[in-house]
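I opened this model to look up its surface, its pocket and its charge pairs. My entries follow.

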Amino acid sequence: MENVRAKDVAEAVGGRLLCGDPETLLENISIDSRTLKGRFLLVPIRGA
């Protein structure tokens with residue numbers, strides 16, 4: 001994965017970072033919070 005910081009993602013989607021360091025480099029992306037460890041980005045998906 002390319003060097004992407006938490007704040008880069010928040011800015012790209014017009015969102016805001018709720019906690020953590022905005023300068024954190026992300027290591028991976030997941031839609032399942034059970035798989036998170038380290039510097040992952042959780043992308044929640046709204047259910048029905």
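Which residues make a nonpolar surface patch? I found Ile29, Ile31, Val43 and Ile45, with a patch area of about 380 Å². A patch takes residues with over 30% relative accessible area and no salt bridge; like charges are joined within 9 Å, nonpolar side chains (Val, Leu, Ile, Met, Phe, Trp, Tyr) within 5 Å. Areas come from the Shrake-Rupley method with a 1.4 Å probe, and for residues only the protein chains shown count as cover.

Before going on, I noted that this is a predicted model: local features need pLDDT of at least 70, side-chain atom pairs count only at pLDDT 80 or more, and totals for chains, interfaces and linings use all residues. Residues are numbered from 1 along each chain as its sequence is written, and side-chain values use heavy atoms, with hydrogens and water left out.

Layout next. I read one helix and two strands, in the order α-β-β from the N terminus. These are DSSP runs: helices are H or I of at least four residues, strands E of at least two, numbered from the N terminus. Ile29 is partly exposed at 45% relative accessible area; buried means under 20%, exposed over 50%, partly exposed in between. Buried residues are 10% of the 48 in the chain.

Then the largest pocket. I noted a volume of about 500 Å³, the space filled by probe spheres set on grid points joined across faces, edges and corners. A pocket is an open set of points on a 1 Å grid over the protein atoms alone where a 1.4 Å probe fits, with protein on both sides within 12 Å along at least five of seven lines; lining residues have an atom within 4 Å of a point. It has 17 lining residues, and Arg16, Leu17, Leu18, Leu41 and Leu42 lie nearest its centre. α1 (6–12) and β2 (40–42) each supply at least two of the lining residues.

Last, charge pairs. I counted five salt bridges, each a side-chain nitrogen of Lys or Arg within 4 Å of a carboxyl oxygen of Asp or Glu. Arg5 meets Glu23 at 3.0 Å, N to O. Arg5 lies before α1 and Glu23 in the loop between α1 and β1, so the pair ties together parts 18 residues apart in sequence. Arg5, Lys7, Asp8 and Glu23 are linked in a salt-bridge network. Asp32 pairs with Arg34 at 2.9 Å; Asp32 is partly exposed at 24%, while Arg34 is exposed at 73%.

Note on methods. Buried < 20%, exposed > 50% of the residue type's maximum accessible area, 1.4 Å probe, protein only.
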